[in-house]
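Take a walk along this chain with the structure in view. Look at the backbone to begin with, then at the charged side chains.

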Amino acid sequence: MCLRPSVRTLLIGNTFVLTIAGLMSSDSASAEDHLQYNRDIRPILADHCFACHGADSASRKADLRIDLRDAAIDGGAIVDGDPDSSELIARVMTDDPELVMPPPETKKTLTAQQKELLSKWIASGAEY
């Protein structure tokens, strides 16, 4: 009879620990799902966009900078919270070879997943 209370206490304690551990792992999973500019977006822009729309004014095309949030918004590339009105999304989603970004001659095409990440990023506020 003496063992029963301690076994019961042990089971209750283990159940509590497992429940807390499950909650913590689901919180960290949702944190990983949240887009982060430096982890998720900047690498895409750096690999595909910044050569023509970055800090180097000598190689900048269309007088458009997207490496700086304010410049990207002022230039119409990003409409905060509205990917459908953002020129960046229109350009990466189009099939028109005259309009698509990055241009076909760069041989830097975006994957469907990269395009979706950019769209979700803009929809969520396009934080840099």
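Ala-62 sits in the loop between α3 (50–53) and α4 (69–74). Helices here are DSSP runs of H or I with at least four residues, strands are runs of E with at least two, and both are numbered from the N terminus. Phi of Ala-62 is near 55°, a positive value in a residue other than glycine. Ala-62 is exposed, at 75% relative accessible area. Exposed means over 50%, buried under 20%, and partly exposed in between (1.4 Å probe, protein chains only).

This is a predicted model: local features need pLDDT of at least 70, side-chain atom pairs count only at pLDDT 80 or more, and totals for chains, interfaces and linings use all residues. Residues are numbered from 1 along each chain as its sequence is written, and side-chain values use heavy atoms, without hydrogens and water.

Move on to the loop between α5 and α6, the place of Lys-107. Lys-107 is not a glycine, yet its phi is positive, about 60°. The loop between α5 (87–93) and α6 (112–123) also holds Pro-102. The peptide bond from Met-101 to Pro-102 is cis, with omega near -10°.

Now for the charges. The structure has five salt bridges. In each, a side-chain nitrogen of Lys or Arg lies within 4 Å of a carboxyl oxygen of Asp or Glu. Asp-67 pairs with Arg-65, with the closest N and O atoms 2.8 Å apart. Asp-67 is buried, at 17%, while Arg-65 is partly exposed, at 23%.

Arg-91 and Glu-87 form another salt bridge (2.9 Å, N to O). They are four residues apart in helix α5, so about one helical turn separates them.
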